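Colleague: I would like to learn how to read a model like this one. Can we take it feature by feature?

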Amino acid sequence: MPSDRRLEREAAKRRRHRRGQAIAALSSVVVLGGIAALVLTSPGWPTVRETFFSWTEFKDSFPDVLRAFWLDVKVFLVVELAVLAVGLLVALVRIARSPAMFPLRLLAVAFVDLFRGIPTILLVFMVGFGVPALELSGTPSEPVVLGAIALTLSYSAYVAEVYRAGIRSVHRGQRDAALAVGLTEAQAMRHVVLPQAVRRVAPPLLNDFVALQKDVALISILGPLEAFREAQIINAQTFNFTPLVAAALLYLAVTVPMARLVDRMGGPEGAVR
Amino acid sequence: MSAGAGEAALELRGITKAFGEREVLRGIDLTVREHEAVALIGASGSGKSTLLRCIDLLEEIDDGDVFLDGETITDPAVDPVAVRRRLGLVFQAYNLFPHMTALENVMLGERRAHGKTRAEAEEQGRALLARFGLAGREDDRPDNLSGGQQQRVAIARAFAGRPRVLLLDEITSALDPELVGEVLEAVRDLKKEGMTMLIATHEMTFAREVADQVAFLHEGRILEQGTPAQVLEAPQQEETRRFLSRLLQAGRA
């Protein structure tokens, strides 16, 4: 039989919880309702509703935009894998200490400085139009491939730094212990340091992937028919912006689940409750 | 290769080591004979850890030589990896691999450095963990083990490679007092087997019991060396007496 004191405490806890929920609900209604009211009562709303949120336009354009969106999905899946590999390679070269690696180390530093420092859209332009202009045999000429290469360069530079931070965060004693049991430096990295580093940086890595997934739209400037481009084309024919909203929803459909995954990995404090 | 009983397994001659301007070791001469346990005592910061790290080639010495079975291991031409495979080092803070189970910690070196198959390494690993009282904890990660259990896993890991000499670096000083006993028991067990050991320690009772020789390290030099009875009961040097009386006041001797 719980004591009266305990029952009293539990009742107080329940009251506090109910009051918290009531306040959360009320403030949500006020804030969200206020924003909705502001938008819906604005003088331009009827026009905006017709040009951005037309159900007929949505139904007509959605299949085409969705079909084009598959290209985005394919590109980011391939680029994500490439970025994981290239980023790791650049990070490993950058932390390697052997003197023979010096020129490679310089290249790795230059790689990060260069590709992280140039706006992604500019990089897509330069690779997309610059590489074919070289007229070298064997270089890709497909705009999609060139766009994917540009995205890989840009994101690998970020991801290399994420990996490097992770590797540096693993305590030096771990490397020492690995060497002490007779492993080589490379084995110590592979079996002891890297597994711990990758686990630690998984949330920021996924965060970069959220950014990458929407930046795939940038390859549209080279011409490939991905979701944003397709939506623009329909918009140019109908003068209605609903297809762009449809494209936006598709991007959200992949980035939001990824963002929730990042929250979950980062611990409960990041999650929406 | 194998030295007879009483021959020098590990020999240090004139070891010096400085970190920048700070001279940590200023000419260390020390011999650890086969089957012998040598206790290295001295205040924090006297260079005990640095010395053990230098022997395991985790730090590069500035001058002098370390001989393992008569062969210099501190020559720049010697492959440090091959040397470390003949030595074992147990760290003060255990340094277990947190992403691996206790068993995997013990198996890693055997598989990757000593070329054992998974089955061989696993069989040996299980036997070693059982020997140090860890049967049933094979699949636990280090953070599910007590400090004493973690340190025993670390001892099993260092011992797995059948080292010629086992280096123990203050292996009980990160432990809660009630966990010290179980770790020292593991070392006693190794001593009984005839393991050659160099033990940096603050546990004087233990040094008295297990060590054949005690060396007192002070400001980077070995100030006094002898049997435990000589050094701990009848120290000749003023600094040794002062160090021991400080330990006595702290209730550690």
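Predicted model: local features only at pLDDT ≥ 70, side-chain atom pairs only at ≥ 80, totals over all residues.

Colleague: What radius of gyration would a compact globule have with 253 residues, and what does chain B have?

Modeller: A compact globule with 253 residues would have a radius of gyration near 18 Å, and chain B has 18 Å, so the two agree. Along the principal axes, the C-alpha atoms of chain B fill a box of roughly 55 × 45 × 40 Å. Buried residues account for 47% of chain B. Of the contacts in chain B between residues at least 6 apart in sequence, 66% join residues at least 24 apart.

Colleague: How many helices and strands does chain B have?

Modeller: Chain B has nine helices and 10 strands.

Colleague: In what order do the six strands of the open sheet in chain B stand?

Modeller: The general idea comes first: in a regular strand the side chains alternate between the two faces of the sheet. In chain B, the order is β6-β7-β8-β3-β9-β10, with mixed pairing. β6 (87-90) and β10 (221-226) of chain B are the edge strands; each has a single partner, so one side of each lacks a neighbour in the sheet. On average, neighbouring strands of this sheet are turned by 20° against each other, direction ignored.

Colleague: In which sense do β7 and β8 of chain B pair?

Modeller: β7 (residues 165-169) and β8 (residues 197-200) of chain B are parallel, with four bridges. Within β8(B), L198(B) is the residue opposite L167(B).

Colleague: And how do β9 and β10 of chain B run?

Modeller: β9 (residues 213-218) of chain B runs antiparallel to β10(B), and five bridges join them. H218(B) faces R221(B) across this pair. The hairpin of β9(B) and β10(B) has two residues between the strands, and E219(B) there takes a positive phi near 50°.

Colleague: Which residue takes a positive phi in the hairpin of β4(B) and β5(B)?

Modeller: D69(B) does, at near 50°, in a hairpin with two residues between its strands. β4(B) and β5 (residues 71-72) of chain B pair in the antiparallel sense over two bridges, and T72(B) in β5(B) is the bridge partner of F67(B). β4 (residues 63-68) of chain B also pairs with β1 (residues 8-19) of chain B, antiparallel over five bridges. In that pair R13(B) stands opposite D65(B).

Colleague: Now a helix. Which residues of α4(A) are buried?

Modeller: An α-helix has 3.6 residues a turn, so residues three or four places apart point the same way. In α4(A), the buried residues are A108(A), V112(A) and F115(A). Seen down the axis of α4(A), the buried residues fall within an arc of 95°, so they line one face of the helix. On the other side, the exposed residues include F102(A), L106(A) and D113(A). The cover over the buried residues of α4(A) includes α3 (55-95), α5 (120-133) and α6 (143-169) of chain A.

Colleague: How far does α4(A) reach from its first C-alpha to its last?

Modeller: Helix α4 (residues 102-117) of chain A has 16 residues and reaches 22 Å, close to the 22 Å expected at 1.5 Å a residue.

Colleague: Last, how many residues of chain B are in contact with chain A?

Modeller: 19 residues of chain B are in contact with 16 residues of chain A. α2 (80-84) and α3 (102-112) of chain B each supply at least two residues of the side that touches chain A. The largest share of that side, three residues, comes from α3(B).

Technical notes:
Residues numbered from 1 in each chain as written. Chains lettered and ligands numbered in written order. Pairing = 2+ DSSP bridges. Axes fitted to C-alpha atoms, helices over the stretch in contact; angles between N-to-C directions. Rg over C-alpha atoms; globule rule 2.2 N^0.38 Å. Buried ≥ 20, exposed ≤ 12 C-beta atoms within 10 Å, placed from the backbone. Contact = placed C-beta atoms within 7 Å. Expected span 1.5 Å × (residues − 1). Arc of directions from axis to C-beta.
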